[in-house]
Amino acid sequence: IEHQPYFEISEFPFEEQTDVYPNPFKDEIYLELELEKFKYLDWSLLNSSGQMVTKGRILVFPNQATRLPSEALIPGSYLLELKDAHGSKRIFKLESR
């Protein structure tokens, strides 16, 4: 899987190191966090107009890649927002092919 740099916007960042890949993506986005124990995250994917395309809640395990559903998206720019139970969030800018 190709790893490319991504653009991250973080107002209230997680303490954990977060990796989102590949970028650009086609059908799959993977998320990996350096955690000591599992963590639930709410996620949403927004298009370049700021409209929510899809969202969900995932269970992320320590140092294990978690797949986010991203099939059937048209090529373009997207923002992936991740939010934990404490309200901390991270936003990543991704490109779809």
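Q: How should I read the relative accessibility of Arg 67 in this model: as buried, partly exposed or exposed?

A: Arg 67 counts as partly exposed, because its relative accessibility is 34%, and a residue is called buried under 20% and exposed over 50%, with partly exposed in between. Please keep in mind, as we go on, that this is a predicted model.

Q: With which residue does Arg 67 form a salt bridge?

A: A salt bridge is read from the distance between a side-chain nitrogen of Lys or Arg and a carboxyl oxygen of Asp or Glu, which must lie within 4 Å. Here the partner of Arg 67 is Glu 28, and the closest N and O atoms of the two are 3.1 Å apart. Because Glu 28 belongs to strand β3 and Arg 67 to strand β6, this pair ties together parts that are 39 residues apart in sequence. Glu 28, with a relative accessible area of 33%, is partly exposed.

Q: How many salt bridges does a search of the whole structure find?

A: The search finds three, and one of them joins Lys 39 to Asp 84, whose closest N and O atoms are 3.2 Å apart. Lys 39 sits in strand β4 and Asp 84 in the loop between β7 and β8, so parts that are 45 residues apart in sequence are tied together by this pair. Lys 39 is buried, with a relative accessible area of 13%, and Asp 84 is buried too, at 8% relative accessibility.

Q: Which residue pairs with Asp 42 in a salt bridge?

A: Asp 42 pairs with Arg 57, and here the closest N and O atoms are 2.9 Å apart. This pair links distant parts of the chain, since Asp 42 is in strand β4 and Arg 57 is in strand β5, 15 residues apart. Asp 42 is partly exposed at 32% relative accessible area, whereas Arg 57, at 58%, counts as exposed.

Q: Which residues touch the most other members of the largest nonpolar core?

A: A nonpolar core is built from buried residues. The largest one here has 18 residues, and Ile 29, Leu 31 and Leu 80 touch the most other members. Strands β3, β4, β5, β7 and β8 each supply at least two residues of this core. Leaving aside neighbours within four places in sequence, Leu 31 is in contact with several residues, including Val 20, Leu 41, Ile 58 and Leu 82.

Q: Which residues make the nonpolar surface patch of about 320 Å²?

A: The patch is made by Phe 38, Tyr 40 and Phe 61. Phe 61 is placed in the loop between β5 and β6 and is partly exposed, with a relative accessible area of 37%.

How values were computed. Residues numbered from 1 in each chain as written. Predicted model: local features only at pLDDT ≥ 70, side-chain atom pairs only at ≥ 80, totals over all residues. Heavy atoms only, no water. Patch = residues over 30% accessible without salt bridge, like charges linked within 9 Å, V, L, I, M, F, W, Y side chains within 5 Å. Areas by Shrake-Rupley, 256 points an atom, 1.4 Å probe, with all protein chains shown as cover. Helix = DSSP H or I, 4+ residues; strand = E, 2+ residues; numbered from the N terminus. Buried < 20%, exposed > 50% of the residue type's maximum accessible area, 1.4 Å probe, protein only. Core = buried A, V, L, I, M, F, W, Y, C linked by side-chain atoms within 4.5 Å. Contact = heavy atoms within 4.5 Å.
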